Amino acid sequence: MERPYVIVSAAMSLDGYLDDVSPKRLMLSNAADFDRVDGVRAGVDAIAVGAGTVRADDPRLLVRSAERRAAREAAGRPASPLRVVFSPSGDLDPAARVFDGEGGPVVVYTSDRGREACPLGPAAAEVVSLGEGPADPRQALDDLARRGVDRLLVEGGGTVHTLFLSEDLVDEVHLAVAPFLLGSAGGPKFVHAAAFPQSPRRPLRLAETRAIGEVALLVYRRE
């Protein structure tokens, strides 16, 4: 069984930050790019984020466009993709919007200890342990493949981006780059320090560049 095709998607500042340190979320993209991302969401089978993104942004991870939801349903698919949360500790707020029960199923990948600690009930999410240690993305991809997931969109944050990229499990990267730097005001970054196989000896291939207003879209694919 082949693993799902993995797309990592992020909006970041020129110096690689996903947000600043203020309590209010910083908008790094624009309405046209948000619509582009919605189109990408509509074309995948699952959307994944880390627990930090759930806590910081409280996303619902749904396809927003009514037309795109209808097109998915007309094709025999759910209106929005399966939603996936990585949380090794299981420390998740049942009041988070992704667990409200209205957007379809949610799978939480955690550890043995995290599954015991997780406060989510079966109506909120299916909690799946990947074992005793840190989250193994390969195990998660195997499980998603068994669930019929062919394309997975990873939307953050930096810990999950780093996890998938460092394990060489990413087929495509979409970066929307804002026209400013955050410097000392920067908060979480696109990736953390790690040993990455996407190196000068084995770079990703630049497949697309596009201006979306003042935002630059860069699409890279693995060779």
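Residues are termed buried when their relative accessible area is under 20%, exposed when it is over 50% and partly exposed in between, as computed with a 1.4 Å probe on protein chains only. The structure is a predicted model, in which local features need pLDDT of at least 70 and side-chain atom pairs count only at pLDDT 80 or more, whereas totals for chains, interfaces and linings use all residues. Residues are numbered from 1 along each chain as its sequence is written, and side-chain values use heavy atoms, with hydrogens and water left out.

Helices (H or I, at least four residues) and strands (E, at least two) are DSSP runs numbered from the N terminus. Because five of the five residues of strand β3 (residues 82-86) are buried, this strand is largely enclosed by the rest of the structure. In a regular strand the side chains alternate between the two faces of the sheet. In β3, Leu82, Val84 and Phe86 point one way and Arg83 and Val85 the other way, and all are buried.

Two strands are taken to pair if DSSP finds at least two bridges between them. Strand β2 (residues 46-50) pairs with β3 in the parallel sense over five bridges, with Ala48 standing opposite Val84 of β3. Strand β4 (residues 106-110) also runs parallel to β3, to which it is joined by four bridges, and here Phe86 stands opposite Tyr109 of β4.

Pockets were identified on a 1 Å grid over the protein atoms alone, a pocket being an open set of points where a 1.4 Å probe fits, with protein on both sides within 12 Å along at least five of seven lines, and lining residues having an atom within 4 Å of a point. The largest pocket has a volume of about 1100 Å³, the volume being the space filled by probe spheres set on grid points that are joined across faces, edges and corners. The lining of this pocket comprises 48 residues, of which Arg25, Thr53, Asp57, Glu155 and Gly156 lie nearest its centre. Two or more lining residues are given by each of β1 (5-12), α1, β2, α2 (51-57) and α6 (158-166), and the largest share, six residues, comes from α2. With Ala, Val, Leu, Ile, Met, Phe, Trp, Tyr, Cys and Pro counted as nonpolar, Asp, Glu, Lys and Arg as charged, and the others, Gly among them, as polar, the lining of the largest pocket divides into 23 nonpolar, twelve polar and 13 charged residues.

The second largest pocket has a volume of about 220 Å³, and its lining, which includes Leu165, Phe190, Gln198 and Tyr220, contains eight nonpolar, one polar and no charged residues.
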